[in-house]
Amino acid sequence: MTDPQIERKLIEIMRIINESDRPVGARIIADELRNRGYNLGERAVRYHLRILDERGFTEKHGYTGRSITLKGKEELEEALIGDRLDFVITRIEDLIYRTDYDPVTKQGNVIVNVSYVDKDDFEKTADLMRSAVNYSISPRVGIFEEDSEDIFVPPGKVGIATVCSITFDGILLRHGIPVKPNFGGILSVENNEPVVFKDLISYRGTSIDPIKIFLMRQSTSVTGLLQSGSGTILANMRSIPQSAAGDARLLFQQLHESDIGGLLAIDNESGNVLGAPVDIGMSGIVVSVGVNALAVVEEYGIDVTTRPVSTIMDYGTMKTL
């Protein structure tokens with residue numbers, strides 16, 4: 001039996017191969033693994049691919065690359081569910097640690113989500129994203145073509161990187177404020193004011209990012225919000241020590257001056273914030289998420305594939321859409 005760390009890498013490699021509509025080579029896999037937080041070179045990827053070939057999970061197509069087999073798809077669906085339960089939060093904590101954006105100097109890395117749309121849909125997607133920027137984190141995005149050396153982009157697609165709200169956790173931590181990601185959820189908004197979470201999923205105890213789950217369920221109504229001021233958006237909640245709430249407010253103000261926004265509430269009282277439970281002695285911070293701008297695109301019927309909390313990116317390289 002291979003050790004759990006190798007098993008996790010094997011699963012991620014199978015996911016990358018499964019997400020492509022053509023055979024994938026070791027170089028592309030290694031590049032995408034780096035985007036997902038794995039430091040694995042081509043040689044190491046080939047070693048892992050041999051294991052997958054031996055298990056019958058992948059099939060080699062000469063020098064073209066690998067495709068996933070039916071057996072591999074079944075394994076990808078079922079494998080290591082118990083072991084993966086804490087994988088999402090572990091990956092998030094790693095990206096939080098690697099975030100070093102400084103709101104004073106306006107330099108450094110932020111965490112980004114990466115979404116993919118068909119090239120033919122990009123212009124309409126960009127227009128819709130601009131309309132929903134107030135319910136996102138930042139007007140800045142990264143745009144990547146399929147030949148990008150930075151982020152793997154499937155053929156015929158355009159990659160769009162949006163600032164992820166988990167960036168706030170990294171910035172809070174870097175400024176000495178202990179922070180714990182708690183929940184992702186669907187937040188009801190009335191008259192342009194946040195009201196209450198309609199549904200919540202804990203970041204601990206799920207093998208899929210909570211925001212991705214709600215995206216898959218198509219649970220939002222950002223379009224309704226844009227039209228009438230009432231609807232539902234994606235948001236998440238983290239908790240910090242109650243004594244740090246004042247410092248956190250100041251930090252969010254500095255971030256706002258860097259075009260990084262999205263703060264919806266900071267609750268100093270124990271109990272709950274917008275319906276999300278908060279432990280005694282802690283304050284809950286609720287922020288909207290970066291992929292709300294992509295949720296409205298899906299609501300208009302455009303096919304979007306999104307990977308929340310995907311990788312880190314230099315904020316200075318991102319441009320206003």
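**Notebook: helix packing in a predicted model**

I began with the pair α8 and α11, where Phe168, Ile171 and Leu172 in α8 meet Ala248, Leu251, Phe252 and Leu255 in α11. I sorted the residues of this contact by class and got seven nonpolar, no polar and no charged. I note here that the model is a predicted one.

I then looked up the geometry of this pair. Helix α8 covers residues 167–174 and helix α11 covers residues 245–256; their axes come within 11 Å and cross at roughly 120 degrees.

**Entry: α7 and α12**

I turned to helix α7, residues 122–131, and helix α12, residues 292–299. Their axes are 8 Å apart, and the helices pack at an angle of about 125 degrees. I therefore class α7 and α12 as oblique to each other. The hand of the α7 and α12 crossing is right-handed. From α7, I listed Thr125, Leu128 and Met129 as making the contact; from α12, I listed Ala293, Leu294, Val296 and Val297. Thr125 is one of the contact residues on α7, and I assign it to the polar class.

**Entry: α2 and α3**

Next I took helix α2, residues 26–35, with helix α3, residues 42–55. The two axes come within 9 Å, and I read a crossing of roughly 105 degrees. That value falls in the range of 65 to 115 degrees, so α2 and α3 go down as roughly perpendicular to each other. On the α2 side I found Ala26, Arg27, Ile29, Ala30 and Leu33, which meet Glu42, Val45, Arg46 and Leu49 on the α3 side. I counted the classes for the contact of α2 with α3 as six nonpolar, no polar and three charged. Arg27 of α2 and Glu42 and Arg46 of α3 are in this contact, and I place Arg and Glu in the charged class.

**Entry: the annotated span**

I checked UniProt, where an unreviewed entry lists residues 11–76 as "domain: Ribonuclease R winged-helix". I found the end C-alpha atoms of residues 11–76 to lie 7 Å apart. The span is 61% helix and 9% strand.

**Entry: the whole chain**

Last, I looked at the protein overall and listed 12 helices and 14 strands. The C-alpha trace spans about 60 × 45 × 40 Å along its principal axes. For 321 residues I would expect a compact globule to have a radius of gyration near 20 Å; the protein has 20 Å, so the two agree.

Technical notes. Residues are numbered from 1 along each chain as its sequence is written. This is a predicted model: local features need pLDDT of at least 70, side-chain atom pairs count only at pLDDT 80 or more; totals for chains, interfaces and linings use all residues. Side-chain values use heavy atoms; hydrogens and water are left out. Axes are lines fitted to C-alpha atoms, for helices over the stretch in contact, and angles run from 0 to 180 degrees between N-to-C directions. Helices (H or I, at least four residues) and strands (E, at least two) are DSSP runs, numbered from the N terminus. Angles under 35 degrees count as roughly parallel, over 145 as roughly antiparallel, 65 to 115 as roughly perpendicular and the rest as oblique. A crossing is left-handed if the near helix is turned anticlockwise from the far one by less than a right angle, and right-handed if clockwise. Contact means heavy atoms within 4.5 Å. UniProt positions are given in the numbering used here, feature names are shortened, and annotations may be inferred rather than shown by experiment. The radius of gyration is taken over C-alpha atoms; the globule rule is 2.2 Å times the number of residues to the power 0.38.
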